[in-house]
Amino acid sequence: MIATRALATRIILASLLGAAMLAALAVLAVKTQPPVGLVPLIAREGRSFWLAGLAVCLLGALIFQVVDRLPELARATALQRGVRYDPVPEWPTAWILPFVTLASGTLLLCAYHSLIVALAVTLFGFISLVIGQFARLALYSAEERIRSLGRLVHTLLLYGVGFVSCAMIYVHKLRSLYSATAIFLLAVLLLLQLTEGADVQLDRRVLYAMAGALVLAEATWVLNYWPATGWLGGAVLLAVFHVLAGLTLARVERALSWRTVAEYGIMASLAIIVIVWGTLRTRGGP
C-alpha cells in the first residue's frame with residue numbers, strides 16, 4: 001500500500017511539473033505569437049517557441065522515465081498475466097506517452113494563442129498525463145478486469161492525443177516531405193505505445209508500429225491534395241489511425257482475420273465518407 005501510494009505521488013508530481021512546463025510554454029506562445037504554416041525550427045519566425053517546446057517535450061519525457069517503476073510491477077504480475085516472453089520491455093518506454101502528450105499540447109499552443117486555450121491545454125495536459133500513467137500501470141495488473149479497463153482508457157487517450165496532434169500538424173499545410181514525416185514519427189510512437197503490455201516481443205511491436213505509421217504517412221501525402229481544414233484533416237487521419245490501431249491490436253492479441261480487416265475497413269470508409277460529405281455540404285459543393 002505504501003509503495004502504491006508513493007508511486008501515485010510520483011505520477012501526480014511529475015504530471016504537475018509537466019503541466020507547469022506547458023503553462024510556461026503557453027505564456028511564451030502568447031508573447032511571441034508563433035506563425036502557422038512555416039517549417040518549425042527551420043524558419044526563423046517562431047524558432048524560440050519551437051526550441052522551448054522541444055525542450056518541454058524532452059524534459060517531460062525524461063522525468064516520467066526516471067520516476068517509472070513499472071518494471072517491478074511487471075515482474076511481480078508476470079505469472080498471473082500468463083506472460084510467455086519477457087515481462088519487461090527491453091527498451092525504456094515510459095517516456096513515450098508523456099512525450100506525445102506534451103507534443104500535442106505544444107502543437108495546439110502554436111496554432112491558438114489565446115488565454116482560454118492556454119488554460120485548457122495546461123489543465124487537460126495535466127489530466128492526460130495522470131490518466132495515461134495510471135492506465136499504463138493498469139495494463140500490467142494481475143486482474144484481467146483491471147487490465148481490460150486500462151486498455152480501454154489507454155487506447156482512448158491515444159486516440160485523443162493522436163487526433164489533436166494530426167490535426168495540428170495538418171493545419172500548417174506543409175509539403176509532404178515535412179508533414180508526412182512528422183505524422184510517420186508520431187504514428188510510430190502512438191502505435192508502439194498502443195501495444196504496451198501486450199505479450200509480444202518488442203522488435204515485433206516496433207515492426208507493426210513502423211508498418212502502420214508508413215500507411216498513415218501515405219494517407220497524409222494523399223490528404224495534402226485536399227484543401228481541408230486542420231481539424232477535418234485530423235478527423236480523416238484519425239479514421240485511418242483507428243483502422244491501423246484496431247488491426248495492430250488484433251494482430252498482437254492473435255485475433256486478426258479477414259472479417260476483422262473488413263469490419264475496420266468498412267468503419268473507416270464510412271467515417272471518411274461522412275466527413276467528406278459533411279464538408280461538401282457545408283461548402284455547398286466541391
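Phe-49 has a relative accessibility of 0% and therefore counts as buried, a class that covers residues under 20% relative accessible area, with exposed residues over 50% and partly exposed ones in between (1.4 Å probe, protein chains only). Trp-50 is likewise buried, at a relative accessible area of 10%. The model is predicted: local features need pLDDT of at least 70, side-chain atom pairs count only at pLDDT 80 or more, and totals for chains, interfaces and linings use all residues. Residues are numbered from 1 along each chain as its sequence is written, and side-chain values use heavy atoms, with hydrogens and water left out.

The whole structure contains 4 aromatic pairs, where rings of Phe, Tyr and Trp (its six-membered ring) pair if their centres lie within 6.5 Å, and planes under 30 degrees apart count as stacked, over 60 as edge-to-face and the rest as tilted. In one of these, the ring centres of Phe-49 and Trp-50 are 5.4 Å apart and the planes stand at 75°, so the arrangement is edge-to-face. Trp-95 and Phe-99 also form an edge-to-face pair, with 6.0 Å from centre to centre and 75° between the planes. Trp-95 is partly exposed, because its relative accessibility is 28%.

Charged side chains were examined next. Side chains of opposite charge can pair when their charged atoms come close. The structure holds 4 salt bridges, each defined as a side-chain nitrogen of Lys or Arg within 4 Å of a carboxyl oxygen of Asp or Glu. Among them is the bridge between Arg-136 and Asp-68, whose closest N and O atoms are 3.1 Å apart. Arg-136 belongs to helix H6 (residues 115–138), whereas Asp-68 lies in the loop between helix H2 (47–66) and helix H3 (70–76), so this bridge ties together parts that are 68 residues apart in sequence. Helices (H or I, at least four residues) and strands (E, at least two) are DSSP runs, numbered from the N terminus. Both Arg-136 and Asp-68 are buried.

A salt bridge also joins the side chains of Glu-196 and Arg-205, with an N to O distance of 3.7 Å. Glu-196 and Arg-205 are both buried. Through salt bridges that share partners, Asp-68, Arg-136, Glu-196 and Arg-205 are joined into one network.

Glu-143 and Arg-145 form a further salt bridge, at 3.5 Å from N to O. Glu-143 is partly exposed, since its relative accessible area is 43%, while Arg-145 counts as exposed at 60% relative accessibility.
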